[in-house]
Amino acid sequence: MTDELWFLWAVLCTLVIAYLPGTALARLLGISWRAATVAAPAITACVVGSGAIIVGLLQIPWNLLSAIVATLLSCLIALGLGAALARIHWSRHPGATQDPGAAGPVHPLLPSPRLAWVVLVPAALLAVAPILGAFGSPGQPLQRWDALFHLSALQWIQETGFATTLRFSALSTRDGSGGIYPAAFHDIAALVPMAPIPIVLNAATLVLALVPWLHGTMFLARALWPRLSWAPLASGAAAAIAPAIPLSEWIHLAAIPNLVAAAFLPGVLGVTVVGFRAVRLRLAGDGTARAVPLLIAAALGAAGIGLVHPNVFIAMCLLVAAAGAASMLEQRRRRPRLSRLSAVVVLLALLPVLVIAALPASGVAGDFVGGLAISPARAVGELVLGLLTVWPMATGPLLWLLGYVGLWALLRRGSYVLPVVLVVPVVLYMDAAVDSPLRLSALWYSGQDRISMFLTLLVCLLVVPGLAHLDRLVRRSAWPTRRLLRLLGLVLCVLVAVSTIGPRLEYAERNLDLERTGRPRYFDSAEYEMLLEISTTMDHDKLLLASPFSGGAHLYGISGQNVSYPVAGMSPSPADDELMDDVLAAPDDPAACRRLLEAGVGYVYADTRPYNVGGNFLRLDQASPELGRVIGNTDHSMMIEVDCASDPDGT
C-alpha cells in the first residue's frame, strides 16, 4: 500500500476505535444516539485508558485483544446499570411515554444536510488542506520535540505492550522507573493495526483534533440554544475557521494529548448541559426527564478527558464551576431550589481541581519553565483583538467581533452564564502571557497556546447570540436592504476566511518544511533520505548512541533500531557518561573502543546542527569519523559504525 492509502486506513481505524466503544457504552446507559456519539471519544478514552491501567497492573500487554476485552466488560457493566436505571425510572413513572434512549436534545443537529456540504465541509477543508499541503508525505514527522516523543511512545507500546498511565513516564527513563503520565491518547492510537507508526500518529492526531471538536461544538451550541436551528451550523463553521483550534495547536507545538483532550471537551460539556437541564426539569415536576444516564455519561467523558490530559479536565471543572456560580446568582431569588443545585455543581466541580492541584504529579506542569512571556500591553491586545499566540490571522478578529456582539446581547438580556465562564480562560491567558508570579496558569505549563483553545471554544459559542442579535437588527430594515446586508455579511465572512489560506500554509510550513531554516530542525530532507537508505542495512540488535536532541535517536528507533536514548528529557546515568566519554576517546584509545563494543554499541550518530544544545549529550555530536566506518552522512551529520580496526589486539 502507498503512504496515502495507509493514511486513509489509519484515519478510518481511528474513527472506529474512538467512536464505537464509547457510543455502545453510552447507548447501553440509555441516552440518545446524538448524545452518545458526541460523548463517545471521551468515553472511549475512559474505557481504554482505565483498561490499560488495569491490564498493566495485571502485567498483561496492551493490544487490540486486551482493548476489546476491556470494552466488552465495560459494556456489560453499562448494560446492567442502564437496565437498573430504566427499571427504577419506569417503576416510579409508569405512565411516562418518553423512550429511555431518547434523553437529550430532540431537535436535529443541522437544519438541512445540504448546509453541511455548503458551509461545514468547505470550512473544515480550509483548516485541513493547508496542513496536508505542507506535509511532504503522510508519514513525515512534525519538527517539534513533542511529536517525536509521541512517536517513540506509540513505538514503545506496540513493542512492549506497556501502556499504563500510572507509569508511562518510564519511556523517558533509563532504568524503566516512571511516574504518572497521561497515556489514553497513545492507548487509542496504538490500537490502529498494521499502518506505519509515523502515519498512525499523523492520522490519529488530525482526525481526533478535528472531528470531535467540530461535532462537540455543534452539539454544545444546540444544547445552549435549542430554538435556533442554525446555531450548530454557525458555531461549527466558526470552530473550523478559528485560528487557535486543536488542529492548529498540533502544528504549533505538537502538545498532542493536550489538544486531543481539548477537542473532546465541547462534546462532554454539551452532554453535561443537557444532563443538568434534565435535572432542572425533574425539579420543575417533569417526571419523564431522565438525568442520571446523561450525568453518568458526562462523568465518564470527563474521566476520559482526564486520562488524555488532566489539565483539560481541570479547565472543564473550572468552566462548569463558573457556569454554576453564575446560574446560582441568577436563580437565588426566583428559583431557590435551582440555586441550591447550582451551588452543589460548583462544589462538585471545584473538588477535583483542589485534589489534582495537591497531587505531587501536578508539579511536573507547575515546575515547567520556558513559556512565551510578553508585555501586559501586548497580552491585552491579543485578548481584545483575538490575535492569540496560536496562528494569529484575520479570522480571529472577525470571530471576536461577533463574539463581542453576542456578549453584549447576552448581558442586555440578563444572561450572565457565558460571560462569567469567559472570565476563566481570559484570566488564565493573561496570567500565562505575562508570566505572572501568581502562577494561576501553572497547570497549563504557563502556556497561552493551551489556554487559547478554551478561549476559542467560548468565542465560537458567542458567535451564535452575536449573529442572532445582528439578524434582529437587520430584520428592522426593508426587505431589499435586509437581503443586501445579509449577502454582504456572508461575502465578508467568506473573503476573510479565504484570505487566511496563505498564512495557514506558511504557519504549517514553519514546522513541516524539511528545508526551512528559520526554526530548528530535528532532521532535514538529506538526513531523511540517509535514514531510508541505510536503516535497512544496519544491524538492529546493535545499540545506537545519538543525542535525543537530534532526529537520529527518534527516527532510527522508529525504523526498528535499538536506540539508547529514544526521547529527549532523559538524564544520562554515570554509566552513560562513561560511554559518551569513550566515544570521544575511542579513536586513540583501543580500550575505550572495546568498552563500547562490550556495551553493545554498534553505531554513533553525530549531528553538528542539533535541534537544541544537548548538555551532556553534546559529546555524541562531537564524535570523530575515526571512530569507525562512516556508513551515511550529510553536510552536518553522519552515522558511524563502530569498529576497533585500529586496536592492536584485533578485537
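Begin the tour at helix H3 (residues 64–92), which gives the largest share of a nonpolar patch, 5 residues; helices here are DSSP runs (H or I, at least four residues), strands are likewise DSSP runs (E, at least two), and both are numbered from the N terminus. The model is a predicted one, in which local features need pLDDT of at least 70 and side-chain atom pairs count only at pLDDT 80 or more, while totals for chains, interfaces and linings use all residues. Residues are numbered from 1 along each chain as its sequence is written, and side-chain values use heavy atoms, with hydrogens and water left out.

**The nonpolar patch**

Select Leu-28, Leu-65, Val-69, Leu-73, Leu-76 and Leu-79, which together make a nonpolar surface patch of about 560 Å². Patches are built from residues with over 30% relative accessible area and no salt bridge, with nonpolar side chains (Val, Leu, Ile, Met, Phe, Trp, Tyr) joined within 5 Å and like charges within 9 Å; the areas come from the Shrake-Rupley method with a 1.4 Å probe, and for residues only the protein chains shown count as cover. Val-69, which lies in helix H3, is partly exposed, with a relative accessible area of 42%. On this scale buried means under 20% relative accessible area, exposed means over 50%, and partly exposed is in between (1.4 Å probe, protein chains only).

**The nonpolar cores**

Next, select Leu-247, Trp-250 and Ile-305, the residues with the most contacts inside the largest nonpolar core, which has 184 residues. Helix H7 (residues 197–224) gives the most to this core, with 15 residues. A nonpolar core is a set of buried Ala, Val, Leu, Ile, Met, Phe, Trp, Tyr and Cys residues joined through side-chain atoms within 4.5 Å. If you centre the view on Trp-250 and leave aside residues up to four places away in sequence, you will find that it touches Ile-131, Phe-135, Leu-142, Asn-202, Thr-205, Leu-206, Ile-256 and Leu-259, a contact being heavy atoms within 4.5 Å. Another core, of 24 residues, lies apart from the largest one, and among its members are Ala-26, Ala-39, Ile-43 and Val-274.

**The aromatic pairs**

Turn now to the aromatic rings, for which the count comes to 8 aromatic pairs; rings of Phe, Tyr and Trp (its six-membered ring) pair if their centres lie within 6.5 Å, and planes under 30 degrees apart count as stacked, over 60 as edge-to-face and the rest as tilted. Select Phe-149 and Tyr-181, whose tilted pair has 5.5 Å centre to centre and 55° between the planes. Because Phe-149 lies in helix H5 (residues 145–160) and Tyr-181 in the loop between H5 and helix H6 (184–189), this pair ties together parts that are 32 residues apart in sequence. Phe-149 counts as buried at 6% relative accessibility, whereas Tyr-181 counts as partly exposed at 23%.

Then select Trp-156 and Phe-168, another tilted pair, with 5.7 Å centre to centre and 55° between the planes. This pair links distant parts of the chain, 12 residues apart, with Trp-156 in helix H5 and Phe-168 in the loop between H5 and H6. Both Trp-156 and Phe-168 are buried.

**Two positive phi values**

Move on to the loop between helix H17 (417–433) and helix H18 (448–475), where Asp-435 has its place. Its phi is near 55°, a positive value in a residue other than glycine, and Asp-435 is partly exposed, with a relative accessible area of 44%. Arg-439, found in the loop between H17 and H18, also has a positive phi of about 55° although it is not a glycine.

**The salt bridges**

The structure holds 10 salt bridges, a salt bridge being a side-chain nitrogen of Lys or Arg within 4 Å of a carboxyl oxygen of Asp or Glu. Select Asp-471 and Arg-486, whose closest N and O atoms are 2.9 Å apart; the pair links distant parts of the chain, 15 residues apart, with Asp-471 in helix H18 and Arg-486 in helix H19 (residues 479–498). Include Arg-475 as well, and you will see a network of salt bridges that links Asp-471, Arg-475 and Arg-486.

Finish with Arg-629 and Glu-641, which form a salt bridge with the closest N and O atoms 2.5 Å apart. Arg-629 is in strand S4 (residues 628–633) and Glu-641 in strand S5 (residues 637–642), 12 residues apart, and Glu-641 is buried, with a relative accessible area of 17%.
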